[in-house]
Every structure is written in C-alpha cells, then in structure tokens.
Amino acid sequence: MANEQTAASHTPEHDHDHGANCSVPKFDTQDIIVRADIMAKTKELAGMIFTSEEVQHYQRAEKQIQGNDRIQSLIALIKKKQKEIVAFETTFKNADMVAKIEKEIDELQDQLDGIPIISEFQQSQSDINYLLQTIVSIIRDTVAEKINVEDASPVDPEECIE
C-alpha cells in the first residue's frame, strides 16, 4: 500500500446490493484507493493550470477589483439591498418596496458591469471554466477510448438491480 493513497470523497455511500452473480464491485466511495502516481500527476496538472495565462489573468483582475474602492462600495451596496429585499419580502410583506429595491439593484449592477475590469474578470472566470471543462472532457474521452467494453464478460443487468 506504499504506492497508494486514500482519496477524500464526500459522495454518498454506494451501499445497495448488486446481487450474488453481479460482477460490478461494491465500494464505499470514501474507501476508493487512488494510486500515488495518479495523485502525483493530478497535482502536477493542477500546478500547470494554476500557472496558466487564464488563471494569471483572473488573479490580476481579482486583485484590481479588491483594490478598487468604487467597485467595493457598489458590491457592498448591492449586498445591503439584497438584505433589504429579504426583510421586505419576509418581515414586512411589502411587494412594492421589493420591486423598488430590485430596480435599484439592477441599476447598481449595471454600473458595476460597466466597469471594464469587471467584464475582464467575468471573462477570465469563463475562460478558466472552459479550460477545466475541456481538460475533464479530454480525460473522460481518452479513458473511454482505452476501455474496450466489448472484451468485458457480459453481466445480466437484472442481477445488478437493487
């Protein structure tokens, strides 16, 4: 086991019965073992992603946003207005005030969206998400290509039903 490491997983247990003749293994997802070499390559890939231009751009934009007083005050005001909406919806049951505050929030959001660094930040978030989705898709597709399902021994699906 020196070559293996337990993966921390927070998914629900896989504890239903597969039947006596079912060749599908039964796992508690917290007990799945991930080979150390796979974990090492995963960490190496994460490091490469962290140093990517997309992530670097995101971090620069985030730092500029955090240091911009106008942006921070707009964000704080939007959050305050959102809390006011909750109060007027739940405590005061005043739909007119809710509508008025929602309009104010929309105007504040428009001001925020009109600041160039905000759109750059949002674009960098999209770029990172696209990069991550692309990586996951490539891994999934590459693994799927390597698995030859036709060579597996057939299993009666009825034996694998709970």
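Tutor: In this predicted model, Leu45, Met48, Ile139, Val143 and Ile147 make a nonpolar surface patch of about 450 Å². The elements that contribute two or more residues to the nonpolar patch are α1, which spans 36–50, and α5, which spans 116–146. Met48 is placed in helix α1, and because its relative accessibility is 52%, Met48 counts as exposed, the cut-off being over 50%.

Turning to the charged pairs, the structure holds 7 salt bridges. One of them joins Asp141 to Arg140, with the closest N and O atoms 3.2 Å apart; Asp141 counts as partly exposed at 38% relative accessibility, and Arg140 is partly exposed as well, with a relative accessible area of 49%. Another links Asp37 with Arg35, where the closest N and O atoms lie 2.6 Å apart; here Asp37 is partly exposed at 42%, and Arg35 is partly exposed at 46%.

A further salt bridge is formed by Lys81 and Glu84, whose closest N and O atoms are 3.9 Å apart. Both residues lie in helix α3, residues 69–90, and are separated by 3 residues, about one turn of the helix. Lys81 has 16% relative accessibility and therefore counts as buried, the limit being under 20%, whereas Glu84, with a relative accessible area of 22%, is partly exposed. This pair also belongs to a network of salt bridges that links Lys81, Glu84, Lys100 and Glu104.

Definitions and conventions: Residues numbered from 1 in each chain as written. Predicted model: local features only at pLDDT ≥ 70, side-chain atom pairs only at ≥ 80, totals over all residues. Heavy atoms only, no water. Patch = residues over 30% accessible without salt bridge, like charges linked within 9 Å, V, L, I, M, F, W, Y side chains within 5 Å. Areas by Shrake-Rupley, 256 points an atom, 1.4 Å probe, with all protein chains shown as cover. Salt bridge = Lys/Arg side-chain N within 4 Å of Asp/Glu carboxyl O. Helix = DSSP H or I, 4+ residues; strand = E, 2+ residues; numbered from the N terminus. Buried < 20%, exposed > 50% of the residue type's maximum accessible area, 1.4 Å probe, protein only.
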